[in-house]
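Subject: Structure handover

Hello,

Here is the structure I said I would pass on. My notes on it follow below.

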Amino acid sequence: MYSRRRFLQAVAALAVSTPPFRSARAQTYPFALGVASGYPSPSGITLWTRIAGFQLPVPVKWEIASDESLRTVLSSGEAIAGPDWAHSVHVDVQGLEANRWYWYRFTAGDVQSPIGRTRTAPGAAAPVERLRFAFASCQQYEQGYYGAYRHIVADEPDFIAFLGDYIYESTWGKEHVRSHGAPQPYSLEDYRARYALYKSDPDLQAAHAACPWLVIWDDHEVDNDYADNRPEDGMEPEPFLRRRAAAYRAYYEHMPLPARMRPQGPHLPLHAGIGWGRLARVYMLDTRQHRSWQACPRPKRMGGSNTVDVETCTALAAPGRSMLGRAQERWLEGALRDSRAGWNVLAQTTRMAQFDQQPGPGRRAWTDGWDGYPAARDRLLAKLKEASNPVVIGGDIHAFQVAQLKLDFEDPDSPAVASEFLGTSITSQGWPQERLAQFLPDNPHFLMADSRYRGYTRVEVTPKRWLADLRIVQTVQTRDTPCSTLASYVVEDGRPTPVAA
Ligand SMILES: [Fe+2]
């Protein structure tokens with residue numbers, strides 16, 4: 001996509017440009033982090049880039065067109081990329097036509113960005129025959145290449161939903177193919193560098209340029225297992241919130257988030273609802289920023305996850321505990337109540353179905369997933385029972401898991417109220433399969449659980465059915481890898497349970 005020759009041209013072009021380019025000469029190709037788009041509505045889309053190599057504010061021109069060579073430009077303008085926001089550009093384009101593809105490009109000085117492809121959503125009342133999307137999560141940079149994205153792009157999805165762990169703050173795992181080259185980030189500069197490193201990956205850039213993205217974060221965008229203002233280690237809330245503010249700011253600077261999500265200090269309003277005509281509505285949920293602290297942390301820890309006996313850890317079931325925070329819960333309840341969509345898709349980060357981790361009698365629960373927030377899960381599942389075709393999607397566990405969501409997981413006769421699909425990781429390493437499989441007999445509401453593969457989930461939604469293909473890559477040791485379908489599951493309209501296809 002980008003050649004050495006073009007790099008030299010870019011530097012030469014910037015060197016002879018008018019101010020402020022002369023005084024703020026680029027040291028590198030300004031679009032080295034690529035382009036992206038996100039949050040399609042029937043009339044608009046957010047365009048993103050972050051230009052590199054400048055110190056002073058730089059005007060960046062944007063154009064959006066109806067054709068791939070940008071002959072017919074429909075809208076254009078100029079944004080200022082300033083140092084306060086790491087020279088990132090977020091343009092909320094409005095006035096577009098519903099349900100069609102567009103192409104866009106940025107220009108800084110005389111240097112043009114790669115051309116990105118994006119699209120608008122269908123109008124709210126429009127009947128829609130088909131939606132195709134992919135969801136992905138967990139892309140530890142050191143543990144593999146992002147070959148999965150080549151196959152996502154080849155699938156030509158309408159959008160990609162990314163469900164958390166876009167970066168990792170820490171180095172872990174084995175068989176590394178590349179290095180963070182830096183310790184854990186704490187400062188704004190640290191997080192900016194970490195995001196820039198991840199975004200330098202050409203396959204990730206190509207996926208961002210291919211279609212709009214919807215994004216939510218999990219813990220590793222800030223720190224392992226944090227909850228609201230509490231990290232797992234001994235850091236006090238105040239310095240931790242400063243760290244969170246740096247991480248959230250860098251997240252905004254590197255994602256195609258609409259301007260309304262611009263963070264203020266440690267606060268970033270991430271949750272969002274995206275409509276796809278009468279066919280579907282997707283709720284992007286924030287399960288980190290507003291959650292109650294995990295119950296019963298490990299000995300000598302202030303916070304963070306644990307695997308606990310549910311009888312002993314009595315704090316677990318306290319009714320006031322929330323995964324989303326009460327404000328987001330109320331927003332979601334209202335959105336579900338008002339939804340006219342045939343399918344209601346809850347995109348969140350972690351496992352929602354109960355997963356007993358004690359073979360035989362008794363039950364052990366992992367406190368970082370929804371098992372750590374049972375009262376909040378009960379409240380949500382009661383609402384999902386009233387919703388049209390609710391499907392929950394998630395990531396986090398670096399494994400595929402397909403489950404029925406039930407009002408009472410202990411009762412085999414309790415009916416399913418929704419379906420859950422957990423997607424495996426893009427690269428992050430998972431549990432050994434034997435460790436996961438040993439728990440399946442105690443969790444009969446799970447149709448499958450498989451931690452052996454890396455990949456993504458491809459979804460096709462029509463008015464009659466939801467089809468999920470669990471896609472696996474052969475290796476993450478090379479960029480170029482074959483990809484195949486491990487298994488497919490269907491949810492039929494009006495029947496809230498997944499069925500093997
Ligand atoms: Fe992860």
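Strands here are DSSP runs of E of at least two residues, numbered from the N terminus. By that numbering, T457 belongs to strand β21, which covers residues 455–461. Please keep in mind that this is a predicted model.

T457 has a relative accessibility of 1%, so this residue counts as buried. Leaving aside residues up to four places away in sequence, T457 is in contact with F133, A134, F135, F400, G423, A468, D469 and L470.

Next, the metal site. Four residues coordinate the iron ion: C138 through SG, D165 through OD, Y168 through OH and H398 through NE2, at 2.1 to 2.5 Å. Along the sequence, these donor residues follow the spacing C-x26-D-x2-Y-x229-H.

The angles among the four donor atoms run from 84 to 172 degrees, and the site is irregular. For reference, ideal angles for four tetrahedral donors are 109.5 degrees.

Now the cysteines. How many disulfides does a search of the whole structure find? The search finds one. The disulfide is formed by C296 and C313, with their sulfur atoms 2.0 Å apart. The torsion about the S-S bond is about 95 degrees, so the disulfide is right-handed. This pair links distant parts of the chain, with the two cysteines 17 residues apart. C296 sits in the loop between β13 (280–284) and β14 (307–309), while C313 sits in the loop between β14 and α6 (326–338).

Are the two partners buried or exposed? C296 counts as partly exposed, at 28% relative accessibility, whereas C313 is buried, with a relative accessible area of 4%.

C211 takes part in no disulfide, and the nearest cysteine sulfur, that of C483, is 15 Å away. C211 is buried, with a relative accessible area of 1%. C483 is likewise in no disulfide; the cysteine sulfur nearest to C483 is that of C211, 15 Å away. At 18% relative accessibility, C483 also counts as buried, because the cut-off for buried is under 20%.

Regards

Note on methods:
Residues are numbered from 1 along each chain as its sequence is written. This is a predicted model: local features need pLDDT of at least 70, side-chain atom pairs count only at pLDDT 80 or more; totals for chains, interfaces and linings use all residues. Side-chain values use heavy atoms; hydrogens and water are left out. Helices (H or I, at least four residues) and strands (E, at least two) are DSSP runs, numbered from the N terminus. Buried means under 20% relative accessible area, exposed over 50%, partly exposed in between (1.4 Å probe, protein chains only). Contact means heavy atoms within 4.5 Å. Donors are N, O and S atoms within 2.8 Å of the metal (3.2 Å for Na, K and Ca); water is not among the atoms, so sites may look incomplete. Four donors count as tetrahedral if all angles lie between 85 and 135 degrees; four count as square planar and six as octahedral if opposite donors are over 155 degrees apart and all others between 65 and 115; anything else is irregular. A disulfide is a pair of cysteine sulfur atoms within 2.5 Å.
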